[in-house]
Amino acid sequence: VNIVTRSPTGEYGLDGRVTVGEDGRFDFGAGVDIPLGENAGAVLSFLHQERDGFGTNVYTGETFGDIDNDALFGRVAWEASDTFHASLSFDYSQQGGTSTHTILNNFNPSAVSPLGVPLPPDLGDDRSSDLSLNFSSIDPVHDGEVKGANLTLDWELGATTLKSITAYRELEQFDTNDFDSSGYVFYDHSF
């Protein structure tokens, strides 16, 4: 996958979009393009996404699958000459919400776990025909932060181009998952 972010156009511009939908969905995005003289420009974009979860824990009433994200992107580009170009970009995103909604669809009481230990015989009791309900034993957390910057310098030297790409990226994330989707603390995971 190759994602190419927007570069400044050199002309003033503004765009935006709003999406509203079921389960409290609300997305808002906006971007602005600003010329900085004849040979430079900047672009700045913002995105907000939110949605209520679609799964409910039968024990705690907590919602699973909530989304609450924000992202910011900016780039400044400079064409110093016909042969030298520079671009500095940055991005920041914050992801919040709750863990993915998982359910136990089927259970074989004579099965053993991948670790070779027998499963609790009543593990299959934690099921419902209502697919919006889960029996998870975790506190549903989805929390992440990503930030980075990139400097790209291009020199055209006749038949050759010399390019320098310097970048920094940082990621912090904490998620909880309950892979057995039961009240047992069996395949609970956090990272």
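Rings of Phe, Tyr and Trp, the last by its six-membered ring, form a pair if their centres lie within 6.5 Å. The exercises below apply this rule to a predicted model.

**Exercise 1.** Determine which residues form one aromatic cluster, and classify the pair of Trp78 and Phe84.

*Solution.* The cluster consists of Trp78, Phe84 and Trp155. By the pairing rule, the count comes to 3 aromatic pairs. One of the pairs joins Tyr59 and Phe135, with 6.0 Å centre to centre and 75 degrees between the planes. Another joins Trp78 and Phe84, whose centres are 6.1 Å apart and whose planes make 80 degrees. An angle over 60 degrees counts as edge-to-face, so Trp78 and Phe84 form an edge-to-face pair.

**Exercise 2.** State whether Trp78, Phe84 and Phe135 are buried or partly exposed.

*Solution.* Buried means under 20% relative accessible area. Phe84 has 17% and is therefore buried. Phe135, at 12%, is likewise buried. Trp78 has 45% and is partly exposed.

**Exercise 3.** Describe how strand β2 pairs with β1 and with β3.

*Solution.* Strand β1 (residues 13–21) pairs with β2 (residues 25–35) in the antiparallel sense over 9 bridges. Within this pairing, Leu14 has Val32 of β2 as its bridge partner. The hairpin of β1 and β2 has 3 residues between the strands, and Asp23 takes a positive phi near 60 degrees there. Strand β2 also runs antiparallel to β3 (residues 40–51), joined by 10 bridges; Asp33 stands opposite Val43 in β3. In the hairpin of β2 and β3, with 4 residues between the strands, Gly37 takes a positive phi near 90 degrees.

Note on methods
Residues are numbered from 1 along each chain as its sequence is written. This is a predicted model: local features need pLDDT of at least 70, side-chain atom pairs count only at pLDDT 80 or more; totals for chains, interfaces and linings use all residues. Side-chain values use heavy atoms; hydrogens and water are left out. Rings of Phe, Tyr and Trp (its six-membered ring) pair if their centres lie within 6.5 Å; planes under 30 degrees apart count as stacked, over 60 as edge-to-face and the rest as tilted. Buried means under 20% relative accessible area, exposed over 50%, partly exposed in between (1.4 Å probe, protein chains only). Two strands pair if DSSP finds at least two bridges between them. Helices (H or I, at least four residues) and strands (E, at least two) are DSSP runs, numbered from the N terminus.
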